[in-house]
Amino acid sequence: MHQVYLGIGSNLGNRRAILRQAIKLIGERVGEVTRQSTFIETEPWGFESANKFLNAVILCETDMTPREVLGATQQIERDMGRQKIVHRTSSNRTYTDRPIDIDILLYDDLTVDEPDLMIPHPLMEQRDFVMIPLKEILQ
């Protein structure tokens, strides 16, 4: 079994219910969720919005490969209503309001550097909304 840390966030709709549903679906489709941080409310990062985020980090035990985890989490996002709406920033990254966002933060001690999959997540150390809940469940 592999350990994968996932960052989850929502800034649209009933954020708490959406995060709970995402965690449930991750447990059903990716693997057993063995740790979960508290939910924290944060300002949007990388774009302007009146909607604050609710964020958390979970630890999941899985037999999936990183690529399979990516596919499963992207499908969960689509099933929960996430649409890809493109707004480009100066760094050419896309950030928008969204009902759910699921990011692979860490997968065992593996490093992956592919155009659509980077592990560890390349921006996680710049984001308090990732690092605070991650530190909470690493202890």
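The model is predicted: local features need pLDDT of at least 70 and side-chain atom pairs count only at pLDDT 80 or more, while totals for chains, interfaces and linings use all residues. Residues are numbered from 1 along each chain as its sequence is written, and side-chain values use heavy atoms, with hydrogens and water left out.

Threonine 62 belongs to strand β4; helices (H or I, at least four residues) and strands (E, at least two) are DSSP runs, numbered from the N terminus. With a relative accessible area of 0%, threonine 62 is buried, where buried means under 20% relative accessible area, exposed over 50% and partly exposed in between (1.4 Å probe, protein chains only). Beyond its neighbours within four places in sequence, threonine 62 is in contact (heavy atoms within 4.5 Å) with Met1, His2, Val4, Val30, Val69 and Tyr107.

## Glutamate 61: a buried charge

Glutamate 61 also has its place in strand β4. This residue is buried yet has no salt bridge, and the nearest side chain of opposite charge, arginine 35, is 6.9 Å away. For charge, Lys and Arg count as positive and Asp and Glu as negative, while His and the chain ends are not counted; a salt bridge is a side-chain nitrogen of Lys or Arg within 4 Å of a carboxyl oxygen of Asp or Glu.

The side chain of glutamate 61 does make a polar contact with that of glutamine 3, at 3.2 Å. Not counting residues up to four places away in sequence, glutamate 61 touches Met1, His2, Gln3, Val30, Gly31, Glu32 and Thr34.

## Salt bridges

The count comes to six salt bridges. In one of them, the side chains of arginine 15 and glutamate 41 meet at 2.8 Å, N to O. Arginine 15 lies in helix α1 and glutamate 41 in strand β3, so this pair ties together parts that are 26 residues apart in sequence. Arginine 15 is partly exposed at 21% relative accessibility, as is glutamate 41 at 48%.

A further salt bridge joins arginine 67 to aspartate 116 (2.7 Å, N to O). That pair links distant parts of the chain, 49 residues apart: arginine 67 is in helix α2, and aspartate 116 is in the loop between β6 (112-114) and β7. Arg67, Glu114 and Asp116 are linked in a network of salt bridges.

Helix α2 (residues 66-79) has 14 residues and reaches 20 Å from its first C-alpha to its last, close to the expected 20 Å, which is 1.5 Å times one less than the number of residues. Its buried residues are Pro66, Val69, Leu70, Ala72, Thr73, Ile76 and Glu77. They pack against β1 (2-10), α1 (15-29), β4 (53-62), β5 (101-107) and β7 (117-119). Glycine 81, with a positive phi near 100°, follows α2.

In helix α3 (residues 128-138), the buried residues are Phe129, Val130, Met131, Pro133, Leu134 and Ile137. These pack against β1, β2 (32-36), β3 (40-42), β4 and β5.

Terms used
Polar contact = N/O pair within 3.5 Å; in protein donor to acceptor, adjacent residues only side chain to side chain.
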